[in-house]
Amino acid sequence: MKVVLFCGGYGMRMRNGAADDVPKPMAMVGPRPLIWHVMRYYAHFGHTEFILCLGYGAHHIKKFFLEYEETTSNDFVLENGRPELLSTDIADWRITFVQTGIESAIGERLRRVRPYLDGDEMFLANYADVLTDAPLPEMIDRFKNAEAGASMMVVPPQSSFHCVEMGQDNRVDSITAVSEMPMWENGGYFVLRDEIFDHIPDGGDLVGDGCVELAKRNRLLAYPYRGFWQPTDTVKERTMLDDGYTRGVRPWALWERVPA
């Protein structure tokens, strides 16, 4: 299936100042940017046709792939000054780069790349800034067998804060960690049917418009996941992933695991 990646946002919480115009999916985790790790995850399961919804800082993403250096993350033999690759990353990838606007909402970005989906009934979508080790084939199979127009991964709340319940005279009755509350949040991994376009208006949002409308019609499926899932909304979160990569703790890198 084709994979639509939304990679045109400003990523303000990840920026180091006004002079930093690198989009969030290009933040580095190890020797490669976030977007590469997300794409490598999909490619691991055989999904190698990507449509990039570009916007802010698009030239950084284009330059990275146009000047892609396979030797950065692959073994090779150097003979007579020329590298002979022992494996490759993106040789079999097909990547379509589409400028979808600087200020466009996610839903509008999706609408603008619809022609590049070639009329496919089903496709995958992702924010290009969240890493996981979720079993993608299972996520897809559940959706295929369901009467639904869209499926979204949902995860437990990631906040470290606590919720406080109060009774009379402001006496605290209970304190509960947000992560233990009986609720879920959007995990950013979607499986979609072409039907989603029926519910996203001009300038609309994927979740706020499309998914909300499908939920009203009982056609939105959730895929609850409690395994590894790490967002990169802040510099701290990105640094945690980078440190983990350096220490060899990379649960999202399924392609590195040795088959049993």
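How many of the residues of β1 are buried? Six of its six are, so to speak a strand that is mostly covered. Bear in mind while reading that this is a predicted model.

**The strand in the middle of things**

Look at how the side chains of β1 are arranged: Lys2, Val4 and Phe6 point one way, while Val3, Leu5 and Cys7 point the other way, and all are buried. On one flank, β1 pairs with β4 in the parallel sense, over six bridges. Cys7 has Leu54 of β4 as its bridge partner. β1 also pairs with β8, again in the parallel sense, this time over three bridges. There, Val4 stands opposite Ala125 in β8.

**The sheet**

Those pairings belong to an open sheet of seven strands, ordered β7-β4-β1-β8-β13-β10-β14, and the pairing is mixed. Its edge strands are β7 (94–99) and β14 (220–224), each of which pairs on one side only. From one strand to the next, the twist averages 25°. For a piece of the antiparallel part, take β8 (residues 122–126) and β13 (residues 185–193), which pair over five bridges. Phe123 is found opposite Leu192 of β13.

Two helices pack on this sheet. Helix α1 (residues 34–44) touches β1, β4, β7, β8 and β13, and its direction makes about 165° with that of β1. Helix α4 (residues 136–144) touches β8, β10 (150–155), β13 and β14, and its direction makes about 60° with that of β13.

In soluble globular proteins, nonpolar side chains tend to be buried together. Here the largest nonpolar core has 49 residues, and the ones with the most contacts inside it are Leu5, Tyr42, Leu52 and Met153. Helix α1 supplies the largest share of this core, eight residues. Apart from it lies another core, of 21 residues, with Phe123, Ala125, Leu206 and Leu214 among them.

Not counting residues up to four places away in sequence, its contacts include Thr132, Ala134, Met139, Tyr189, Tyr223, Tyr225 and Trp229. Glu185, Asn186, Gly187 and Gly188 are also among the residues that Met153 touches.

**Asp133 and its surroundings**

Asp133 is found in the loop between β9 (131–132) and α4. With a relative accessible area of 18%, Asp133 counts as buried, because the cut-off is under 20%. A polar atom of the Asp133 side chain also lies 3.2 Å from the backbone nitrogen of Phe228. Leaving aside neighbours within four places in sequence, the contacts of Asp133 include Gly227, Pro251, Trp252, Leu254 and Arg257.

**Salt bridges**

The model has 19 salt bridges.

| Residue | Partner | N to O distance |
|---|---|---|
| Lys24 | Asp129 | 2.8 Å |
| Asp233 | Lys24 | 3.1 Å |
| Glu213 | Arg217 | 3.0 Å |

Asp233, at 27% relative accessibility, counts as partly exposed.

Salt bridges that share partners join Lys2, Glu49, Asp118 and Asp120 into one network. Lys2 is one of the buried residues of β1, on the side with Val4 and Phe6.

Key: Residues numbered from 1 in each chain as written. Predicted model: local features only at pLDDT ≥ 70, side-chain atom pairs only at ≥ 80, totals over all residues. Heavy atoms only, no water. Pairing = 2+ DSSP bridges. Helix = DSSP H or I, 4+ residues; strand = E, 2+ residues; numbered from the N terminus. Axes fitted to C-alpha atoms, helices over the stretch in contact; angles between N-to-C directions. Contact = heavy atoms within 4.5 Å. Buried < 20%, exposed > 50% of the residue type's maximum accessible area, 1.4 Å probe, protein only. Polar contact = N/O pair within 3.5 Å; in protein donor to acceptor, adjacent residues only side chain to side chain. Salt bridge = Lys/Arg side-chain N within 4 Å of Asp/Glu carboxyl O. Core = buried A, V, L, I, M, F, W, Y, C linked by side-chain atoms within 4.5 Å.
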